[in-house]
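Dear colleague,

Please find below the structure that I am handing over to you. My notes on what was found in it follow directly after.

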Amino acid sequence: METIEPGSISAELLARDDEAAPAQVVPPVVAIVVTENPGPSLDRTLAALAAQDYSSLSVLVLDNGSTEDPTPRIAAAMPRAFVRRRSPATLEERRFAPAANEALDAVEGAMFLFFCDDGVTPDPDAVRLLVEEAYRSNAGIVGPKVVDEAHPEILVQVGMAVDHFGVPFSGIEPDEVDQQQHDAVRDVFFVPRAAMLVRTDLFHELSGFDAATVGVDDVDLCWRARLAGARVIVAPDARVRRGPSAPAKSPREIRDETRARVRMMVKSYSGWGLLRALPVGFALALGEAVAMVLTGRVRRAGALLAGWLGALAHVGDLRRARAETQQLRRIDDEEVSDLMIHGSARLRAYVTHRMHPAERFADVSNRTRARMTEATQQLQRVPVIAAVVVSLLVLLGVRNLLFAHVPEVAHLRAWPGIGAAWATFTSPWRSTFLGSGAAPTPAFGLMAVLDTLLLGHAGFARSLVVGGALPVGMFGAYRVARPLARQSSGPAVATAVAYAVNPVVRNAVWHGELGALVLFALAPFVFGAILRAAQGDRHALLTIALLSAIAASVWPPSLLFALLVAIALLSAAPFVHEIAFATRALAAAAGATVVGILLCTPWVWSLLGADASTLGFRNAANLSVVDVLTFHTGRAGTGFAPWGIVAAAAVPLALATGERLVWTIRAWTLAMLCFALAWLPGRVAPASLVPAPDGVLAGAALALALAAGIGVAAVFDDLRRLHFGWRQVLTLVLGAGLVIAVLGFAADTRTGRFGLGPDDWPGTFSWMQDKPVPGGFRVLWIGDRDILPADAKTAGNTGYALTRDGPGDARALWAAPASSADGTIAHAIESAARGDTSRLGHLLAPAGIRYVAFVTRAAPVHGPTGAPSSDVSDALAHQLDLTLERVDDASVVYTNDAWIPVHAQAPPGAPLEDSLRMDPTGITGVHASRGRTEAIGPGTLLWSEAAGPRWHATADGKTLARGTVFGATNAFTVDTHAPVSVHYHPSLLLELVRALAIFLWIGVAAAWIATRRPRASAGR
Amino acid sequence: MTARRAPFVALVVALVVVGIVAGRAASKRDEHPAPAPDTTADTVWFCPGAPPQASTGDRVTIANTGTTAADVAITVLADKGPVVRQSLSVPASSVVTRARTSFGPAGALTVETFGGRVVVEEGFEARAAVDAGACASQSSTTWQFAAGSTAAGVQQWLVIDDPYATDAKVDVTMRTSSGVRRPEQLQGFDIARRSRALIPLHSIVPHQDRVAVQIDARVGRVVAAQTLVYSRSAPTAGIAMTVGSAETRDRWTFADGATFTSAQTWLAVANVGADDAQLTVQPIAANGAPTAPTILTLAQDDVEWLQVGNCRTGEGCVTVSDNVAFGLDVHSDRGVPIVAQTITHATTNNGQPGVATSFGTDAPAQTWLFARNRVDGERATTLAILNQLATPATVNVALAHGGTVDRPAALQAITVPGGRQLIVTVAGGRRPPATDAAIIVESSAPVSVERTVSGNGDFGRSPGVAVH
C-alpha cells in the first residue's frame, strides 16, 4: 500500500499488477472508490474488492478531501489499493464527479473502470460477472443487482429507468423480495454510480461525469452514453449490497439536483424533444411545488422552482454543454425514450409507496392476473352471445323498415319502377324543379338494376337499402375488424356492436338521409378495401372505386370518403412512424376515387360549381363538440349511452401496445378528422349549407368502433401481461361502455323505425293526385330544406322544392344544379317572405304550381322538426291569390288561384309578359304524353320547363318558333290546329359520355368479379 | 414500429378542449343575420268600405301619379256571393273615380296595382255625405280608433276585412264613457277568410258619448275601418269614415283645424297603455301666435274628447285663439301609447256642414299624395300644411289628371314659415273643377299635410299618403 501523487498512477499501477500475471489474460479493471470522511463501510467495501475473484482488478481510492487521512484505514483493509488524496478548494470540486473524473488522467491501460461507492459491498464474483456481461452484450456501461446490506433477500434496484423529465424510477417495489424475478440481463436507462462498470474508452469519449449534474450525474452519463450509441445494461447475476439509503434531501440538494436535471434535459434532448418535454416537465414541477406548499413543505417547493429557474439562467453555459452532448449523438430520441417510462416517475413512486403496499399489491397483482386469464378464457364465449343478442336487437330495431312501410321522409322517397328509374337515368331532360339538361345521378340506374334483381319490387328494394344499411354496416365492421385477433372473434364482434349501436345510423334514418345510410353500410367495406389496396390488392382497388361510386351517386360527398380515410392514415403517420403504408393507401384511395369519378361521369361533373344543395349538403346544424363526440345529430344520441362508445374507444389509447396502438392511433385520427368535418363548417359558416353530419360522422362511427374492437383485443392480449393497476380498471370502462351503448340502442328499437312513424306527407297529400288536370301541375314545398320530402334548394332562410302531379317520388331527389329558371321561384318566395308581394300565386303560376305546401316537420306527426320560418308562413297566409286548402298540425296547403298547367295553350295575342300580373284568362291545359300534345292551336303552347335553345317543337312537320315567357319557361307559337311534338335535344357529346359511363360500370363490375376469386384463394 | 401514445392522446384531448372552447365562443355569434331589405313598386290597397246602410254615394278613386301606366286588379270580397274580380289600366298622371257599385256587389275591396305610383281612396259623394280618405296599404293584427260615439242619433259601424286565405279571429275592446267594455260576442270573433264583418257598435254598446275601439287579431291579419253616421236627429248630420290606425304612438300630429264659431273640433284621445299618461297638447296657430300647451292626465284605458278652441271653461279644452287655423301636436310622456283622432262638427251656417274625423299624420314627409281634389257638389278643397321645423318650407302643389300634371302658379313656391301652419285652397270657388285630379304636394322640408274636401252637405278630412 502506498500513496501516490496525482499524475503518476497509471503505468506504475498497472505494471505492478503485472507482477502476478494471471494464467489467463483478462482485461484490466480499475475500481475507483471515491470517499470523503468515510465511515466503517469503507472497510467493508475495500474488503469486498479485495476478495473479488477477478484477477486483473486494481483499486484506486480517491479521497475527496477528508478531514482525517483515510490512508491507514485503507492500508489495513486492502494493502494493494492505491490512494489518491484530493484537496478540493470549493464545494463544486468536492463533489463526486470532479473526483471521479480524475480517473480520466490517472488511469491508463485499463479496459474498464468500476465505480464503487464506499457504502457498497460487491459479491466476490461481481466484477467478473460485470466484465463478462459487458463483453457478452457489447455494453458500454454495466450495472449489478443491488440488494440491501442487512437483508440481502430484499431488492434495492436492478437497473433504473427515468421518466421523460430525467427523474429516476425503479420498478422495484418497497421491500420486494428477490426471487430472481428480475434476473434477466436487459437494457436499462441507467445504472447508479454506486456500482457501475464503464468501458474506459467510452468514459473518455464522454469526458467523464458532468460536474454540473450533481445528484443525477450517473443518469447524465448513461444518457450521453446511449446517445453515443453505447448500451447500458444491468447484469443481475452480479450482485452488490448497499447500506441504507441517504436521508431525505435538503432543500439545497433538491435545488441543485433539479438544476442538474434540467441541464441534463437541455443537453440531451433533440430540439423537438426538448420542446415537448421541457414545458411539461416545468408544469409537473409547478404541480409538485403546489402540492409541497399544501403539505407544508414550502422551502422544498421553493427549492424545486429555484432549481428550474436557476438552470435556465445560464443560457450560454447550457448552450455549450448542449453542443458538446449533441456532438455525441448517434441515435435519435425515439430510441433513447424507449427505456423511459410514461408519465411522472414521482407520481408513480408515490402511488407505489403509498397506495400499494408490497404485500397487498403482490397478492392483488397475482390474483388479478389469474382472474384475467380465467376471464379471458370465459370471454371466449361472450362474443358469440353478444353477437347474437345485438343482431337480434338490430333486426328488432329495423323490423318495420325491412318488413313494413318505410315512411317517405326527406330522401326516403318511394322508388320509381324499373322503367321509370331507367328512363330517368337515360333521359336527356331531368324533371327536378323546372327541369334541367344536366345528367342524372347513376343512382337511378342502380335503382333500376336493383329493382330488376328483385323482379320489379321497387318498394322492397328500397326497404332493403334503408332497413338493411344497419345490418350490412354491422357485418362490414365485423369483417374489417376480424384480423384484430385471429384466435378470438371478440374484437371483431365488439367492433360490429360498437358500430351498430352508434346513434349516427339511427339519426340518419330519422332525418331520412338515404346518402348517410348508404355510406354507413359501405364505409367498413371501403375501409377494409383501402387497407388491402395499400398492400397491392387490385381487387380491393376496384372495390373502393365501385363502392365509392355507388355511395357518391346517392350522396356526392361520399366520393371523398376513401380519400378521407387515406388522409387520416397519413395524418397518423408522425405518431406511428409509418409513412410508407399511409402513402400507399393514399395512392390507392386516390386512384380508386378517380375510377369512381369516371363511373359517375357525366353526372359528377355537373356538380362542379353547383349550388350546395345539389352537392347533398344541408343546413349547418348548431352542433357543439359534445354533440359531435356523442353523435347527437338528431333524436338518437342523448343521455349517457353514446359516451359508452367513446369511452370504449378511448380505452386502447391507454391499453394497446405495438401494432394495436398503431391502429388505435390511426382510428382515432380518422375519428378526429370526421368530428372536425362535422363540427367546423357549422361553426365557421353557421348560415351556410354543409355536408350532412350523419354522413360525415359515419367515418367517425367506424373509427371509434374499430378502436373499441382494438380495446377488446388489448384486453385479451396486452393486459394479461400486466400487473394490476389502473389499466385493469379500464377493462371495466371498456365493457361498461359497450353495454351502456347497447342498452341505449335497445331502448331505441321500440318503434322498429328508430322514431319514425308510418305516416308521411306523400300519403297525407295523396289527394293531390286524385285531381288530375290536363297539362299537369307542380307542387311547391316550402319549409326547412332538411325536412322537405324532395331535394330542396334555398330561398332566403327557407327551403323549397318542386314535385310533379302530386307529392312525387324519388325522381324529385338529386336535383340538378339550380338554374336561373329555378331562381324565379326562389325570388318569388323571398319577395313574399319580405312582404314585397301579396300575389305569390301569380308569381308561381307560370311554373305550373297548383299547390303550395308549407310543412314544419318531416312527417305529419313524427320526424324532425324544421327550423321555424314564421316569416314565410305568415307571408303565405297573407297572399291574396292563395286559398287555404288543408291545415294539419305540421302543414298548411294552399291552392294557387292563379295557377297555369305545366303544359297549356294560350289564345293568340294573350299577354305573356315577364311575370303574370293579372289573372290568366283563356289559358287551358294541354294533354301531353311522351312529348306529344293533343291537337291544339292556333295560339301559344306554354311548355313550363326551364327555357333553353335545345327545346324544339314541331307541328304538321314544321318547326315552331320558340320563345321564353314569364322570364323562365318555353313558349311555342302554334299557327295551325295540330298535335305538337316537343323534345329536348341533348348534346351528342353528353350522350356519348353517358353511354361510355354505362359501359365503364359494366367493365369495372366484370373486372371486380374476375379478380375476386384469386384474392379469395390467396386468403387475407 | 413504435407509436407515440402520449403525444397523440394529448393532441386528441387538446383538439377536443379547443373545440369546446371555440364552440362556446362561436355560439355567442348572431347566426342568422337579417336579410337585406328590398323594395318593389307593386302595392295592395285594402278598402273595407262602409256598411250597406251607409254607403250612399260610395266612390272609389284610383289615382296614378306616376309616369308610367298602372295595371290595377280589383277584387271584391262580396258580402253575399262569390268573389268578383276586375282589372283596369290607369294611365300615367290620371285619376279614375267610379261608383263603388260599378266594381261589384257590396263588400270589401282589394286593389292590387302594378306599375305607376298609385293611391286609392274611398269615400262618399252624396248631398249629406261627403268624405274621402286613402284606403289601407297594409293589413295588421291591431287596429285603433279614438273618435267614436253611440250617443243618440249616431251610428258607429265597425268594418273588419279579412282579405286573406285564412280565417281570422279578433277581439274587440271598447273604451267608453262608462269604462272598458269587452262584449262577449266580440271576443274571439271569427271573420271568415276573404270576407268582411260589419259590426254595429251602437247596438252593442249604445248611448255612449265616447267610444274608442281597439281590435286585436288573435289569428290572421285584418283591415279595419269605422264609419260614424250622424243622422238628422243628431246635432250635426253627416258621415265620417276612416280606416283605423294600425299602430299606437306617443306622438300624434294634426295639420288641420280651425276655431270658427260655426265649426268645432274635438281631439279624441284614448290611453291604450298600461299606465296613466300625461298628455301635452300643443296648438300651432297659423298666425304664429304663441299658444300655451294644455297638459292633462289621462288615466289608463280612459278616453277623453278635448274641445279645441272656443273654450268657455279651461277644463277639458285646448285654448286656441278665435278665428284662427291651427295644427295640433299631441304627445304623452314616458312613451305611454295613446291613440288620438280629431272629430270636427260644422254647422250649415257658414257653408261647411257635416262631420269629419282624421287620424292626422304619422311623420312629416316631403312628398304627399291625395287621390282626388274634388267631390260632387264641390265647395272647396283645402290643404293644411304644418311645418314643425324651425326653418321655412317651400311647398309646390301639382295636380295630375288626364295624363298631364298641372302646376298652378298660385300653388307654387308656397312658403310655410317654421313652426306655422298654412292652409291653401286647391279647388273650389265659383268654378270648381269638373274632373278629379290627384294632388301632389312636394316640399323642400318635411311637413305634415291634411286635406279637407267640402261638399254641399258634408265635408271630409284626411291626411295624405306620405312618400318617403
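Is Phe966(A) buried or exposed? The model is a predicted one, and in it Phe966(A) has a relative accessibility of 8%, so this residue counts as buried. Phe966(A) belongs to the loop that links β30 (962-965) to β31 (969-974) of chain A. Its phi is near 55°, which is a positive value in a residue other than glycine.

Backbone geometry in chain A

Most residues other than glycine have a negative phi, and most peptide bonds are trans. Against that background, several places in chain A deserve a note.

Asp805(A) also has a positive phi, near 55°, although Asp805(A) is not a glycine. The residue sits in the loop between β19 (798-804) and α34 (820-834) of chain A. With a relative accessible area of 41%, Asp805(A) is partly exposed, whereas Phe966(A) is buried.

The bond from Thr601(A) to Pro602(A) has an omega near 5°, and Pro602(A) is placed in the loop between α26 (580-599) and α27 (603-606) of chain A. The bond that joins Gly937(A) and Pro938(A) has an omega of about -5°; Pro938(A) lies in the loop between β26 (932-936) and β27 (939-946) of chain A.

The pair α9 and α10 of chain A

Two packed helices are described by the angle between their axes and the distance between the axes. For α9(A) and α10(A), the angle is about 160° and the axes are 9 Å apart. The two helices are therefore roughly antiparallel. In their contact, Val262(A), Met265(A) and Val266(A) of α9(A) meet Leu274(A), Ala277(A) and Leu278(A) of α10(A). By class, this contact comprises six nonpolar residues, no polar and no charged ones.

Each helix may also be considered by itself. The 18 residues of α9(A) should span 26 Å at 1.5 Å a residue, and the 25 Å between its end C-alpha atoms agrees with that value. Helix α9(A) is mostly covered, with 14 of its 18 residues buried. Helix α10(A), residues 271-294, has 24 residues and reaches 35 Å from its first C-alpha to its last, close to the expected 34 Å.

The buried residues of α10(A) are Gly273(A), Leu274(A), Ala277(A), Leu278(A), Gly281(A), Ala285(A), Ala289(A) and Met292(A). An α-helix has 3.6 residues a turn, so residues three or four places apart point the same way. The partners of these buried residues are α9 (251-268), α11 (298-311), α12 (315-328) and α13 (333-337) of chain A. Just after α10(A) comes Gly296(A), with a positive phi of about 85°.

The pair α30 and α31 of chain A

Helix α30 (residues 658-684) and helix α31 (residues 693-716) of chain A pack at an angle of about 160°, and their axes are 8 Å apart. They are therefore roughly antiparallel to each other, and their crossing is left-handed. The contact of α30(A) with α31(A) has 20 nonpolar, two polar and one charged residues. Residues on the α30(A) side include Arg660(A), Trp663(A), Trp668(A) and Phe675(A), and those on the α31(A) side include Pro693(A), Gly699(A), Leu704(A) and Ile710(A).

A buried loop residue in chain A

Val406(A) is found in the loop between α17 (399-403) and α18 (418-426) of chain A. Its relative accessible area is 1%, so Val406(A) is buried. Not counting residues up to four places away in sequence, Val406(A) touches Leu401(A), Leu412(A), Arg462(A), Ser463(A) and Val466(A). The C-alpha atoms of Val406(A) and Phe460(A) are separated by 9.6 Å, while the two residues are 54 apart along the chain.

Chain B has two helices and 35 strands. Of its 468 residues, 56% count as buried. Among contacts in chain B between residues at least 6 apart in sequence, 78% join residues at least 24 apart.

Which residues does Thr166(B) contact, leaving aside its neighbours within four places in sequence? They are Ala877(A), Leu884(A) and Tyr894(A) in chain A, together with Arg193(B). Thr166(B) occupies the loop between β10 (154-162) and β11 (168-176) of chain B, and with 14% relative accessibility Thr166(B) counts as buried.

With kind regards

Definitions and conventions
Residues are numbered from 1 along each chain as its sequence is written. Chains are lettered from A and ligands numbered from 1 in the order in which they are written. This is a predicted model: local features need pLDDT of at least 70, side-chain atom pairs count only at pLDDT 80 or more; totals for chains, interfaces and linings use all residues. Side-chain values use heavy atoms; hydrogens and water are left out. Axes are lines fitted to C-alpha atoms, for helices over the stretch in contact, and angles run from 0 to 180 degrees between N-to-C directions. Helices (H or I, at least four residues) and strands (E, at least two) are DSSP runs, numbered from the N terminus. Angles under 35 degrees count as roughly parallel, over 145 as roughly antiparallel, 65 to 115 as roughly perpendicular and the rest as oblique. A crossing is left-handed if the near helix is turned anticlockwise from the far one by less than a right angle, and right-handed if clockwise. Contact means heavy atoms within 4.5 Å. Ala, Val, Leu, Ile, Met, Phe, Trp, Tyr, Cys and Pro count as nonpolar, Asp, Glu, Lys and Arg as charged, and the others, Gly among them, as polar. Buried means under 20% relative accessible area, exposed over 50%, partly exposed in between (1.4 Å probe, protein chains only). The expected span of a helix is 1.5 Å times one less than its number of residues.
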